[in-house]
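Please keep the sequence and the model in view while reading.

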Amino acid sequence: MSPDVLVCGAGVGGLAAARALGGLGLDVLVVDKQPSVRPIAKGEVLQPGALRLLRSWGVEKRLDAQGAVRLGRLVVRDPRGTALMSLDYGQLPAPDQWLLAHDHTAILAALAGSLGPGVELRRGVRAEAPLRDDSGRITGLRLAEGGRVHEERAPLVVAADGISSRLRSWAGIEARRVDYPHRLVSFDIGDADAAARADDFSAYVTDRGLRLLYPLPGGWLRLYLQAGPDELRGVTARGGLADWAARALSQVPALEPLTAPLLAHLGTRQTLPVGRLLSPRLA
Ligand SMILES: Cc1cc2nc3c(=O)[nH]c(=O)nc-3n(C[C@H](O)[C@H](O)[C@H](O)COP(=O)(O)OP(=O)(O)OC[C@H]3O[C@@H](n4cnc5c(N)ncnc54)[C@H](O)[C@@H]3O)c2cc1C
């Protein structure tokens, strides 16, 4: 039987849409081309507004049960660590008094675990093409799944297939990608003592860009280093990365104690492009 809603993409957007629509009593099918969730250094810090919704779905409780970290403040600091500006979440009315941090994969798993009986999630299923009615409206998708191709129709098709969404272009919604000139280089640093001391989200402002630091569950710290467009040319894990990372921290006296643990975790490096999408009109 056809579902009421077909959601393409099981990232936080698709899973949240599925949870909300399933909660209305609709039959929802969510498909994602990835056979399993891949760890990626993004989407780990949840703001109070999103948390309010996740709380009502039982997702916050699931994340708490897996050791989610609560952060009371978001602080912009100079390289010595002096606070230049601080967002103190403790000043907000309860229960919105913190940010919640967890790995992106744990957040996806907690959302997937909250979907309810009316929602089916199928991984390893790729949307290949839109199906349309006579008016051109998208009424389904051609799906490739385990070597076979089949058609799935639904009154509502939700495009939650990420920043490079093919569904968005199939639906004729224009969007222009604007890449920022810098990259973000992320590291996971296992230093339980330092993680226990870091109880806020800190953004260090330097003349070579931002350095972001916050704790994650299990005594880990997440460090993002902003890098200029050509700064990483020729820098590989085999050569240059250790020097580059140590140099980036040496310009931030407040972070220098993390140099040795960072050098011990160079293998966790991920380099992420940063950009935004601009649509010229509401669609
Ligand atoms: C470095 C970085 C840090 C960030 N930090 C934060 C943060 O701290 N807090 C926060 O709230 N946000 C943060 N964000 C933003 C947040 O991660 C994104 O907004 C969010 O992950 C987007 O979710 P999504 O579901 O829209 O897309 P995605 O997570 O990209 O999910 C799209 C899904 O669609 C699937 N898909 C794509 N094409 C197809 C297809 N043809 N068929 C089937 N499936 C398909 C993909 O496999 C994928 O699983 C960060 C982003 C970055 C890059």
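Leaving out residues up to four places away in sequence, E44 touches L100, A101, H102, D103, H104, I107, Y214, L216, R222 and Y224, where contact means heavy atoms within 4.5 Å. E44 lies in the loop between β2 (28–32) and β3. Helices (H or I, at least four residues) and strands (E, at least two) are DSSP runs, numbered from the N terminus. At 3% relative accessibility, E44 counts as buried; buried means under 20% relative accessible area, exposed over 50%, and partly exposed in between (1.4 Å probe, protein chains only). The E44 side chain makes a polar contact of 2.3 Å with the side chain of R222. A polar contact is a pair of N or O atoms within 3.5 Å; within protein, one must be able to donate a hydrogen and the other to accept it, and residues adjacent in sequence count only if both atoms are side-chain atoms.

The model is predicted: local features need pLDDT of at least 70 and side-chain atom pairs count only at pLDDT 80 or more, while totals for chains, interfaces and linings use all residues. Residues are numbered from 1 along each chain as its sequence is written, and side-chain values use heavy atoms, with hydrogens and water left out.

**The chain as a whole**

The chain holds eight helices and 17 strands. Its C-alpha atoms fill a box of roughly 65 × 45 × 35 Å, taken along the principal axes. Of the 283 residues in the chain, 43% are buried. Among contacts between residues at least 6 apart in sequence, 66% join residues at least 24 apart. The chain exposes about 14,400 Å², and carbon and sulfur atoms supply 53% of that area; accessible areas come from the Shrake-Rupley method with a 1.4 Å probe, and for residues only the protein chains shown count as cover.

**The ligand**

The ligand sits in the largest pocket. On a 1 Å grid over the protein atoms alone, a pocket is an open set of points with protein on both sides within 12 Å along at least five of seven lines, and a molecule sits in a pocket if more than half of its atoms lie within 2 Å of its grid points. The elements that give two or more residues to the shell around the ligand are α1 and β9 (125–132). β9 gives the most, with three residues. There are 23 residues around the ligand, of which G13, D32, K42, V45 and A127 come nearest; a residue is near a molecule if one of its heavy atoms lies within 4 Å of it.

| Residue | Protein atom | Ligand atom | Distance |
|---|---|---|---|
| G13 | polar backbone atom | oxygen | 2.8 Å |
| K42 | polar side-chain atom | oxygen | 3.0 Å |
| V45 | polar backbone atom | nitrogen | 2.8 Å |

The protein covers 68% of the 1,000 Å² of accessible area that the ligand has on its own.

**Helix α4**

Helix α4 spans residues 104–113, and its buried residues are H104, A106, I107, L108, A110 and L111. An α-helix has 3.6 residues a turn, so residues three or four places apart point the same way. The cover over the buried residues of α4 includes α1 (12–23), β3 (45–46), α2 (48–56) and α3 (59–65). H104 and I107 are also among the residues that E44 touches.

**R211 and Q226**

R211 lies in strand β15 (residues 209–216), and Q226 in strand β16 (residues 220–227). R211 is buried, with a relative accessible area of 0%; Q226 is also buried, at 19%. The side chain of R211 reaches the backbone oxygen of Q226 at 3.0 Å, while the side chain of Q226 reaches the backbone nitrogen of L210 at 2.9 Å. Neighbours within four places in sequence aside, the contacts of R211 include Y204, Y224, Q226 and L255, and those of Q226 include H182, R183, R208 and R211. R211 and A196 are 15 residues apart along the chain, and their C-alpha atoms are separated by 19 Å.

**Two further loop sites**

Q34 is found in the loop between β2 and β3 and counts as partly exposed at 24% relative accessibility. Beyond four places in sequence, Q34 touches R123 and G124. From Q34 to R122 the C-alpha distance is 9.6 Å, across 88 residues of sequence.

A cis peptide bond joins A94 and P95, with omega about 5°. P95 is placed in the loop between β6 (83–88) and β7 (99–101).

Methods
1 Å grid on protein atoms, 1.4 Å probe; cavity = no way out; pocket = protein on both sides within 12 Å on 5 of 7 lines; lining within 4 Å.
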